[in-house]
Amino acid sequence: MNATAAVRGAVGAVLILALWETLARGLALPAYTLPAVSQILAAVAEHRSVLQAAALVTGFEALTGYVIGALAGIGVATLLILARPLRAGALPLLLAINSVPVVAWSPLVLLWFGMGVASKIVMVALAVGFTVFLSALAGFDRVDRRSVDLMRSFGAGRFGIFWRLRLPAALPLIAAGLRVATVRSLIVAIVTEMLGAYGGLGWIIYQSVTLIDFVQVWAAILVASMLSLAFFGLVGALERRLIFWR
Amino acid sequence: MNAAAIAALRLLGGVILAGLVWEAAVVGFGIRPHLLPRLSEILAAFAVTPGAYWAGLQRTAAETLIGFAAGTAVGIMNGVIFFRAPLLRDMLLPVFIVSQTIPVIAFGALVVMWFGNTLFAKAVIAFYLTFFPVTVNTLLGLNSVDPRQVALLRSFGASPRQILFRLQLPMALPQIFVALRLGASLSLVGAIVGEWFGDNTGIGVLLLQAMYNESVVALWAAILCAALLGTGFYALVAWAERRIVFWGAEQ
């Protein structure tokens, strides 16, 4: 992005915020229609400690589930590549599980693992795991058939081909999956919290909806967005560090 | 027998086989019904109240489809507007891209508060979950068109409108369909979550009721409905993609 575009982008964001503020203030819109930006920021400042505690809970759930899901996703994809016969049996089952919209698993997982953080971690791991698994599998499969044959003719084993050929070829796709998964991890944590939890941003959003506290809903969404952006930025920065050849 | 019929028969055979494996695994391994009930029990649950499941399926499908269709139309239109007006694009696109990384589904709570517990409110949620990715990908697709082809058409006297409909939009279709496939699953998720904020019919409602009743059989029945709808909708989009982008889809 060049300098002009960056300036225009900043101007656009400021204009939207200014328009929002003037509309809300000028037309004296009630909070349930649209609270002013300043009102939302004031609410964030006022309920700082509550929102901070909730963000910690949600962030912990998302991060833990993310790590478990990412490791499991890459691990299962690796296993299915190295053990071909396993793939024929396991892949249809995995695809069947994935054909259910992920949030539809939330009530069942809540029944199994209770209202605490465990159920959210499981849901996040499930969502992240499938996102990473599918991109890793696509990445491992992407290698040219002839390159595999060439390496095999030089006497490379299955592990050698995997380590020297498949893994480097798959890394960009795995990285893309990991990036998409950051956003999903927070969405799934929040959505599952809405169904039942003892704390967290999704729980606050659901409580505020039932209490008809509209400014609080906006405040929680704002904090959730900040959390999501920070997580996305972190994973993006890590990716640029690790996959330096792109 | 033509190829489509054979494919359908094979699919049917696969589904029946999967059902038999499910039933046999639960009985054979003695899986507790708390984890996974027998398929026959779930089918029996369908048979007891077929009306509730059918109504829920229809309702959620309507919410998803209306939102998805509107999101597609407005998203493509918006992508074209951004393409034609670079100033507007530079000012608004960063906001759009940032909005892709925030949990927009949380706005579902607000949408339901604004529009009440109506079909329309859930369609709005499905709409904006589809709308953002379609806008961004339409723009990406339009930008990827070879400028030399545009110049060629222009030299033949094609109007900007003709260039848009004959060259630019068709060339952008593979990118647009990437967003549509994403939107197909997102809009269904949006509709289901929207129903959790209180409603009377829908798959989300069935899920919620089954959870409150702690009825695992009813939960699995609702999950099967969700899977059916999700797979059917995704297959529909993939089928449309194969028909429309017949020269090869982008992965």
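**Helix H10 of chain B and its surroundings**

In this predicted model, helix H10 of chain B has 29 residues and reaches 41 Å from its first C-alpha to its last, close to the 42 Å expected at 1.5 Å a residue; the expected span is 1.5 Å times one less than the number of residues. Helices (H or I, at least four residues) are DSSP runs numbered from the N terminus. Residues are numbered from 1 along each chain as its sequence is written, and chains are lettered from A in the order in which they are written. Local features need pLDDT of at least 70 and side-chain atom pairs count only at pLDDT 80 or more, while totals for chains, interfaces and linings use all residues.

The buried residues of H10(B) include Leu219(B), Trp220(B), Ala222(B) and Leu229(B). A residue is called buried if 20 or more other C-beta atoms lie within 10 Å of its own, exposed if 12 or fewer, and partly exposed in between, with C-beta atoms placed from the backbone. Among the elements covering these buried residues are helix H5 (106-113) of chain A and helix H2 (39-48) of chain B.

Turning to the two chains together, 36 residues of chain B are in contact with 36 residues of chain A, contact being C-beta atoms, placed from the backbone, within 7 Å. Helices H8 (160-195) and H10 (216-244) of chain B are among the elements giving two or more residues to chain B's side. That side has 30 nonpolar, 4 polar and 2 charged residues; Ala, Val, Leu, Ile, Met, Phe, Trp, Tyr, Cys and Pro count as nonpolar, Asp, Glu, Lys and Arg as charged, and the others, Gly among them, as polar.

Within chain A, the axes of helix H2 (residues 37-46) and helix H10 (residues 214-242) come within 9 Å and cross at roughly 75°. H2(A) is therefore roughly perpendicular to H10(A), a label covering 65 to 115 degrees, with angles under 35 roughly parallel, over 145 roughly antiparallel and the rest oblique. Axes are lines fitted to C-alpha atoms, for helices over the stretch in contact, and angles run from 0 to 180 degrees between N-to-C directions. The residues of this contact divide into 8 nonpolar, 2 polar and no charged.
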